[in-house]
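Subject: Structure handover

Hello,

Here is the structure I said I would pass on. My notes on it follow below.

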Amino acid sequence: MPFQREQFIGEFVLLVCGMIVGFHITLFIRQNQCHLIYSRLNIRPKTLAGELGNRQFLFVGVLTAEQLVETRAKAVYDTWGKNVPGKLTFFSSGEAGRTLGLRVVSLPDVDDTYPPLKKSLMMIKYMHDVHLDEYQWFMRADDDVYVRTDKLVAFLQSLNSSDDIHLGHAGTGAKDEIGMLSLNPGDNYCMGGPGVIMSRSVIKKVAPHLEHCLQTAPTLHEDIELGRCIQQYTGVPCTWAYEMRDLFFHHYTEKEKVFFGDLENKPINDAITLHPIKQPAYMRRLHVHFMNQRIQDLQYEALKLQRVLRRTDSLIQEEGNWLLTREKYYHRDEQDFHHQLKRNNTEQWSIFTPNSFFSDTMLMSPGTGIRGALKIESKKLLERETEILKEEARTRFAENINILKINYGYRRALPIYGVQYVMHSTVRSEKKILYTETGKTKQISNLQRRRFYFQLPFGKLVYDAKSLDNTLPFVHFLVPLEGRLETFRRFMKNFEEVCLKQILRVKLVIAYSSSFFSPREHKAVLKEYQYKYPLADLIWIDVAGNFSRGVALSLAAAKLNKTDLFFLCDVDLVFSKEFLDRCRINTVLGQQVYFPIMFSQFDPDLSDIHNNRPESYYTINADAGIWRTYSYGPVCLYGRDLQAVGGFNTSIQGWGWEDVDLYEKFVKHNDIDVFRAPDPGIIHVYHPVKCDPKLPSTQLAQCRGSKASGLANQKSLLRYILAMQNKGLK
């Protein structure tokens, strides 16, 4: 009996223990049932490479309606939808999308009722049930949002999809709805319009509770309820980061009018998504705009890679020839930026400043503001300049480089190739220097002039930049002269104000022909300035025989070195310091000469401008004068280049034609380019023109044409004629 009793007690204890263990196991399974189900469904690969390879990047669900499939949904599919790095699916109750080739899902017991609260939450549940293990990121989008998929991918690749991430344009409701949305203080939601990004982890955690959120939703705002549900069951609100408002751009005012005008603006260029775009035509317009930008970026990257290949090939072929590190760094591409153009290309340039555009184009005002298409172009080029400087800063030890100001630039349109720009800017670079002795840092700033080259071919943008040499060469003024004492006085006063007082690097050579007029008073004037400025280089040359501009300039050039920079100038011109800068920059020894187009003043008595006053010399408008495109007298060149084309034709007597002859020689030269553009810094002051009837017919016709064009414009002449008629004069 004792043995049986002990056996019974032992069996009873085992039974009780078994019941206790079984109860705890059952309780554990019930409490962790959800986790175990997910563990069973989500069997992770044994290797990280296997897991990453099994998942695509992004699933995008677009809410639409049957009546909008053929318009908005089709526009989404035809534009950014084709570039989604994963899958794009539309959610609608009808079948119309399938006939258009769209991937459309009709959710059970869900129609197109607005507001689409049930459709939105059930779409998230569909993402979980069908695609959870296939994608890293999930996006809820409307059919009136444009998504820049390349920027979105770059942005999301910087984040970890395994974290609980809930991104978008944070909102708290409209002003008239505050206090009516059941939001607690500090709560927010991601606005549905610009799109909502959710990581796989967030989808996994919120999906089991979506039906409960739908049944208990206090409002019908689908984006508010989705945000409320995510925050309640994952603890993750929509990010409050301020820059999200720029990345997920929602235009609050004037609806979509921001997409009607100029697309080259900061809000549009910074955005990843843009909302709202109700009209499909503007969805396609945005797509073309961003695709053009993408093409330009890719072509520039290809251009840089081509340059790297060329440099590498050049260095490999230089085996046995040691190159210094600096020489390797500046081992440039032999292919010049303007390599497509032939050397004898003669299309003229237009010049512009930060506020004005000067063109010699027929039927255009000589000077206008920068507006319209020119403004759009200039903004785009300024952005490219900034990109170039940012890229340069990354290669120069985190040096900060900024454009301080745009000094001036040149533009010309080539029917075959596109539009070319040359922009001159002042750049400020800032760099912190660490002093090891003291442990302190000091910021050093440096100003530098830079020249940027741009090409806007039909379909792509090519650009380049280079630093300008800070060593300024002397500009040697070569001035032929005969008589015209008062004009010479005015010229010397202008020379003093611009050059002598500012101690610029210039020299002046006067070549005087004294066959008809004595040089005594002219020499006295020059002597006064030499006495006043003893360090100035003022040279006088007597020229024998009848006046010939070509002979005078040839004799003056012979007194100087072949590597000197010449400015062939006439005494009836006034010029500015800015012109001298352009004279230096636009002239390259052995490569380029500069033929500026001067602005020629009208007769002040006819034009009613009074532009014979010194303070009004640089008044440039349609009533003040014209760009003297038919004159080639002023030119900046090097002595060696003048010699390379054979110099002046000294057989031409008097004024005129020798400048045209020299210009044609440079145009025909195989190695020297002609740079020709209007220059607001060089003005031909009006003076009466007398044409000698004894001149050869070609020179006489040129002289008379010049005289007629320099009187006034048609409006001023008509006004003058009517005034004379009113006075009874015929």
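In these notes, buried means under 20% relative accessible area, exposed means over 50%, and partly exposed lies in between (1.4 Å probe, protein chains only). This is a predicted model, in which local features need pLDDT of at least 70 and side-chain atom pairs count only at pLDDT 80 or more, while totals for chains, interfaces and linings use all residues. Residues are numbered from 1 along each chain as its sequence is written, and side-chain values use heavy atoms, with hydrogens and water left out.

Overall

The chain has 730 residues, and 47% of them count as buried. There are 24 helices and 27 strands; these are DSSP runs numbered from the N terminus, with helices being H or I of at least four residues and strands E of at least two. Contact means heavy atoms within 4.5 Å. Of the contacts in the chain with a separation of 6 or more, 72% are between residues 24 or more positions apart. The accessible surface comes to about 39000 Å², and carbon and sulfur atoms account for 55% of that. Accessible areas come from the Shrake-Rupley method with a 1.4 Å probe, and for residues only the protein chains shown count as cover.

Backbone

Two cis peptide bonds are worth a look. One runs from Y114 to P115, with omega near 0°, and P115 sits in the loop between β3 (104-105) and α6 (117-131). Another runs from H275 to P276, also with omega near 0°; P276 is in the loop between β11 (273-275) and α13 (280-317).

Positive phi values occur at R484 and I503, neither of which is a glycine. For R484 phi is near 55°, and the residue is in the loop between β19 (475-481) and α16 (485-500). R484 counts as partly exposed because its relative accessibility is 29%. For I503 phi is about 50°. I503 is in the loop between α16 and β20 (506-513), and its relative accessible area of 72% makes it exposed.

Buried residues

T273 belongs to strand β11 and counts as buried, at 0% relative accessibility. Its side chain reaches the backbone oxygen of P194 at 2.7 Å. That is a polar contact, a pair of N or O atoms within 3.5 Å; within protein, one must be able to donate a hydrogen and the other to accept it, and residues adjacent in sequence count only if both atoms are side-chain atoms. Beyond its neighbours within four places in sequence, T273 is in contact with M139, V145, Y146, V147, P194, L247, F248 and F249.

I672 lies in the loop between α22 (658-668) and β27 (673-684). With 2% relative accessibility, I672 is buried. I672 and V588 are 84 residues apart in sequence, and their C-alpha atoms are 9.0 Å apart.

Two helices

In helix α7 (residues 149-156), the buried residues are T149, L152, V153, F155 and L156. They lie on the same side of α7, because they cover an arc of only 165° around the axis, the arc being that of the directions from the helix axis to the C-beta atoms. Their cover includes β1 (56-63), β4 (135-142), β5 (146-147), β6 (166-167), β9 (196-199) and α11 (244-247).

Helix α19 (residues 577-585) is mostly covered, with seven of its nine residues buried. These are F579, L580, D581, R582, C583, R584 and I585.

Regards
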